[in-house]
Amino acid sequence: MLSPAGDGDPRRCHIAAMIDHPTRDAGFGVYVHWPFCASKCPYCDFNSHVRHSPVDQERFLTAFRREIARTAERIPGRTVTSIFFGGGTPSLMKPGTVGGILDAIAGAWAVDPGAEVTLEANPTSVETGRFRGYREAGVNRVSLGVQALNDADLRRLGRMHSVDEALSAVRIAASIFERSSFDLIYARPDQTPEAWGIELERAIAIAADHLSLYQLTIEPGTFFERLHGAGRLTVPDDDAARILYDLTQEICEARGIPAYEISNHARPGAESRHNLVYWRYGEYAGIGPGAHGRLVTGNARVATATEKHPETWLEQVEREGHGIVEEEILTATAEGDEFLLMGLRLKEGIDPRRFKTFTGRTINERRARILEEEGLITRQADRRLSVTRKGFPVLNSVIAELAA
Ligand SMILES: C[S@@+](CC[C@H](N)C(=O)[O-])C[C@H]1O[C@@H](n2cnc3c(N)ncnc32)[C@H](O)[C@@H]1O
Ligand code: SF4
């Protein structure tokens, strides 16, 4: 669906005057989605599919190349500041497939010499064996899905690796890549603050300089949702989850790896540059099945989404040169909402002056003052507005108040 900015859109009066869209200032990232996994984890609702016969990686690579070239025709002349292979399980890709995609990106746009190139990897020994090949292909950062540091919970989460394999993957990643990170899921069934505290301390001791710490969410359509609905899976309630969240912040701050985003922790300077492009409301291309993009064409910011089903995406790209099934020019109101939704996840918060350049309006001062009095947001000397530690657990309602 293509819908131009509507009448009454306050941005209209700025359009003639603007040389380019203001979201071009926060970097340009390329997201590449690999939609296959060796098995489906019971909590996961990402666009990931299990295939019982080998995936034709050459055919997919050709389609990725075509979609990249088509995207570059629409938004030429960019300099890529980051590339992210997400999934699914990108560590099921052959290094040659990853290298072919990186070559196609470099053929389509200039790539900043310092560009961050991340690949999400599962820590089984088979996948760890491909790390050197990924490095040679141009990947310089991996993000490992460790999820838990005890074998019983790894089994409950349906993971195919053991703690020993995860530890070994973390070590090997650190020896091969310039930068690395790993993910843990907490607020797991029956997890006590004591057990999580010990596990998190151990994680920090082996981590490089970045950790993603996600609270387990029960997602619609997953096996965990069915178990939960049938009363066979109990997860911590809001109060218990809040205790675990506070403990996470305390331990990470004390160990010098504080949150820079609601679930992401880094030592200063080690933040994920690709994810910062999203959260700072930059421009990014979404390549591959089920990928989302935000492209700046002329003065408009366009939201794109590709076909989710891998083989249907493949056939569409082979037919039409792209896999896009949804496309919408964002109105000023939608841009303002997205900007708040993304930017307020960051500890650095947002610059209200930037909000004004997208929307032509200011943030509702009365609501902001009430939130500030409640201790949910704070305003810094440079006028940036950010969510406090007290505000993060109720982030969605804070955003809804400010966006209203
Ligand atoms: C889509 S996965 C891709 C990474 C890789 N396939 C893996 O599983 O390690 C990205 C991350 O999302 C997190 N995740 C996925 N589903 C989740 C859920 N229901 N609750 C909390 N975290 C979740 C996991 O930590 C996972 O590492
Ligand atoms: S969590 Fe990762 S490995 Fe598990 S199904 Fe989701 S994408 Fe695949």
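Which of the 17 residues around ligand 1 come nearest? Gly-88, Asn-122, Gln-147, Arg-159 and Asp-183 do, where "around" takes a heavy atom within 4 Å. This is a predicted model, in which local features need pLDDT of at least 70, side-chain atom pairs count only at pLDDT 80 or more, and totals for chains, interfaces and linings use all residues. Residues are numbered from 1 along each chain as written, ligands are numbered from 1 in the order written, and side-chain values use heavy atoms, leaving out hydrogens and water.

View 1. An oxygen atom of the ligand sits 2.5 Å from a side-chain N or O atom of Asp-183. Arg-159 puts a polar side-chain atom 2.8 Å from a ligand oxygen, and a backbone N or O atom of Gly-88 is 2.8 Å from a ligand nitrogen.

**View 2. The shell around ligand 1.** Strands E4 (141-147), E5 (179-186) and E6 (210-215) each give two or more residues to this shell; strands are DSSP runs of at least two residues, numbered from the N terminus. By class, the shell has five nonpolar, eight polar and four charged residues; Ala, Val, Leu, Ile, Met, Phe, Trp, Tyr, Cys and Pro count as nonpolar, Asp, Glu, Lys and Arg as charged, and the others, Gly among them, as polar.

**View 3. The shell around ligand 2.** Among the residues here are Cys-37, Cys-41 and Cys-44, along with Gly-88, Asn-122 and Arg-159.

How values were computed. A polar contact is a pair of N or O atoms within 3.5 Å; within protein, one must be able to donate a hydrogen and the other to accept it, and residues adjacent in sequence count only if both atoms are side-chain atoms. Helices (H or I, at least four residues) and strands (E, at least two) are DSSP runs, numbered from the N terminus.
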